[in-house]
Amino acid sequence: MTRPAKRPFAKGRQPTRKTAPPPRDVQEMEVSIADVGARGDGIAFAEGLRLFVPYTVTGDRVRVRAADGDGKGEGVRAEPLEVLEPGPGRQTPPCRHFGRCGGCTLQQMDDPTYAAWTVGMVRGALERVGLGDVPMEPLARTPGGARRRARFAALKRGKRVWLGFNERQSHRLVDLEECPVLSPRLFALVEPLRTLLADLLPDGGDADVVLTDLEGGVDLLLVGPRSLDRAAREVLVGFELERIARIAWQPTDRAAAEPVANRRPAFIRFAGVPIQPPPGAFLQASAEGEAALVAAVREGVGQAGRIADLFAGIGTFSIPLAQQAAVHAVEGDEAAVAALGRSVQGLRLTAERRDLFENPLSAKDLNRYDAVVFDPPRAGAAAQAAALAGSKVPRVVGVSCNPASFARDTRVLVDGGYRLVKIWPVDQFLWSAHVELVGLFER
Ligand SMILES: C[S@@+](CC[C@H](N)C(=O)[O-])C[C@H]1O[C@@H](n2cnc3c(N)ncnc32)[C@H](O)[C@@H]1O
């Protein structure tokens with residue numbers, strides 16, 4: 001085991017995009033970490049309080065500063081100040097930004113501890129709905145340097161641009177100097193982006209930068225500034241001609257993306273079929289994670305001849321499944337459906353735009369399929385799960401990035417007569433508290 005740093009929780013002044021909350025009463029104490037909870041925080045009990053202590057492992061003895069009255073019934077957040085005695089699963093965090101950056105908050109766990117914790121999160125969520133004994137495949141892992149999509153925040157103060165991820169539960173920015181999880185092709189653009197944004201942003205201005213590593217080059221979506229004058233567009237048009245395939249701009253998060261430079265096709269292949277994602281479109285975060293999810297979904301649908309893929313995005317599952325079956329893809333985002341529609345020639349695949357929260361497929365609609373795949377956003381698919389529970393579809397495959405909402409939807413399916421046959425856990429966000437999974441239901 002590696003020796004713990006005496007003071008592993010780096011401090012520093014960073015610019016913030018919002019006003020900091022007023023200071024609360026605080027008290028320092030020494031605590032032992034009893035467990036690490038679902039958000040990745042260590043849990044300790046002291047002086048009648050339940051404390052949530054980030055960046056710790058079970059068995060750590062830590063000196064902490066606890067904020068008073070911060071817990072809203074669940075517990076109290078506590079800042080770790082010093083590791084007095086390391087727990088058995090502790091390692092030296094590999095990244096210099098650990099302890100501040102909100103991107104990876106579990107680098108203090110050695111690999112076996114981290115993998116066991118990740119699987120435990122899935123198991124725990126299912127236990128809470130009475131389904132803790134379901135068979136589970138081994139955890140599919142994603143290595144460092146594999147993240148092919150990132151959203152950075154940027155802020156200009158004076159002539160300096162800060163670019164990186166927000167601190168954990170904060171709007172303060174960590175100015176990235178390294179990132180062991182990001183694809184090197186994306187990280188190589190961090191410094192050129194700082195120079196670019198120094199030209200584009202006014203003093204005090206901010207923006208978000210979404211980068212996606214695609215075949216043909218990197219896709220860059222700039223969210224903000226609110227307007228782009230001609231000079232700014234010219235700067236963008238000349239930016240990183242070799243490495244960036246396409247640049248688009250959105251004045252705000254809700255506005256449509258406007259193309260600024262389309263240099264060459266930027267695409268991804270699903271089962272060998274090229275598809276051009278719309279700027280900023282959802283894409284599984286790594287090729288390894290995508291491969292593990294697709295393999296599990298394929299196994300889950302078995303020999304089904306007619307498949308509905310709900311919350312289909314740009315076709316991560318629809319396109320591979322359409323190699324073996326007739327697939328109907330349903331997705332709420334218009335640009336994603338259009339992109340999918342452009343790539344399906346020759347495949348037995350139809351695409352429909354539909355809001356599945358407001359207007360889920362009914363049990364009658366669903367009964368036309370031999371298998372249904374659903375992969376909702378973090379909130380889950382409450383309305384669609386209720387309709388599925390009333391259907392006769394023999395195989396249902398749920399994909400999720402949130403074990404808690406998956407467990408809630410699972411309970412609905414099981415109460416409707418489905419059996420949860422097995423789970424494939426997938427770790428796609430190395431060193432973060434996010435875990436993906438696939439579950440197979442049969443009736
Ligand atoms: C986790 S992503 C999965 C996408 C796709 N299955 C994939 O693996 O790439 C969830 C998808 O649900 C879509 N979505 C979100 N809310 C929706 C809604 N109310 N109705 C239909 N689709 C929705 C999003 O646009 C996104 O494409």
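This is a predicted model: local features need pLDDT of at least 70, side-chain atom pairs count only at pLDDT 80 or more; totals for chains, interfaces and linings use all residues.
1. Asp175 sits in strand E9, which covers residues 173-175. Its relative accessibility is 13%, so Asp175 counts as buried, the cut-off being under 20%. Two polar partners stand out. The side chain of Asp175 makes a polar contact of 2.7 Å with the side chain of Arg160. A polar atom of the Asp175 side chain also lies 2.7 Å from the backbone nitrogen of Leu163. Leaving aside neighbours within four places in sequence, Asp175 is in contact with His97, Arg160, Val161, Trp162, Leu163 and Arg194.

2. Turn to the ligand. Which residues are closest to the ligand? They are Gln284, Thr316, Glu331, Leu356 and Asp375, and 17 residues surround the ligand in total. That shell divides into 8 nonpolar, 4 polar and 5 charged residues.

3. Look next at the atom pairs around the ligand. An N or O atom in the Thr316 side chain is 2.6 Å from an oxygen atom of the ligand. For the side chain of Gln284, an N or O atom is 2.7 Å from a ligand oxygen. Phe311 contributes through its backbone: one of its backbone N or O atoms lies 2.9 Å from a nitrogen atom of the ligand. How much of the ligand does the protein bury? Taken alone, the ligand exposes 590 Å², and the protein buries 86% of that.

4. Glu290 belongs to helix H5, residues 287-301. Its relative accessible area is 12%, so Glu290 is buried. Not counting residues up to four places away in sequence, Glu290 touches Gln284 and Thr316, along with Arg148, Ile268, Arg269, Phe270 and Gln428.

5. Helix H10 deserves a check of its length. H10 has 13 residues, 403-415. At 1.5 Å a residue it should span 18 Å, and its end C-alpha atoms are 18 Å apart, so the two agree. At the start of H10, a side-chain oxygen of Asn402 reaches to within 3.0 Å of the backbone nitrogen of Ala404. Just after H10, Gly417 takes a positive phi of about 110°.

6. Which residues of H10 are buried? They are Pro403, Ser405, Phe406, Ala407, Asp409, Thr410, Leu413 and Val414. An α-helix has 3.6 residues a turn, so residues three or four places apart point the same way. The helices include H1 (111-127) and H9 (382-389). The strands include E19 (371-374), E20 (395-400), E21 (419-426) and E22 (436-442).

7. Two residues other than glycine have positive phi. Tyr55 has phi near 65°. Tyr55 lies in the loop between strand E4 (49-53) and strand E5 (61-67). At 6% relative accessibility, Tyr55 counts as buried. Trp431 has a positive phi of about 65°. Is Trp431 buried or exposed? Its relative accessibility is 13%, so Trp431 counts as buried.

8. A cis peptide bond joins Gly224 and Pro225, with omega about 0°. Pro225 lies in the loop between strand E11 (217-223) and helix H4 (230-237).

Notes: Residues are numbered from 1 along each chain as its sequence is written. Side-chain values use heavy atoms; hydrogens and water are left out. Helices (H or I, at least four residues) and strands (E, at least two) are DSSP runs, numbered from the N terminus. The expected span of a helix is 1.5 Å times one less than its number of residues. Buried means under 20% relative accessible area, exposed over 50%, partly exposed in between (1.4 Å probe, protein chains only). Contact means heavy atoms within 4.5 Å. A polar contact is a pair of N or O atoms within 3.5 Å; within protein, one must be able to donate a hydrogen and the other to accept it, and residues adjacent in sequence count only if both atoms are side-chain atoms. A residue is near a molecule or strand if one of its heavy atoms lies within 4 Å of it. Accessible areas come from the Shrake-Rupley method with a 1.4 Å probe; for residues, only the protein chains shown count as cover. Ala, Val, Leu, Ile, Met, Phe, Trp, Tyr, Cys and Pro count as nonpolar, Asp, Glu, Lys and Arg as charged, and the others, Gly among them, as polar.
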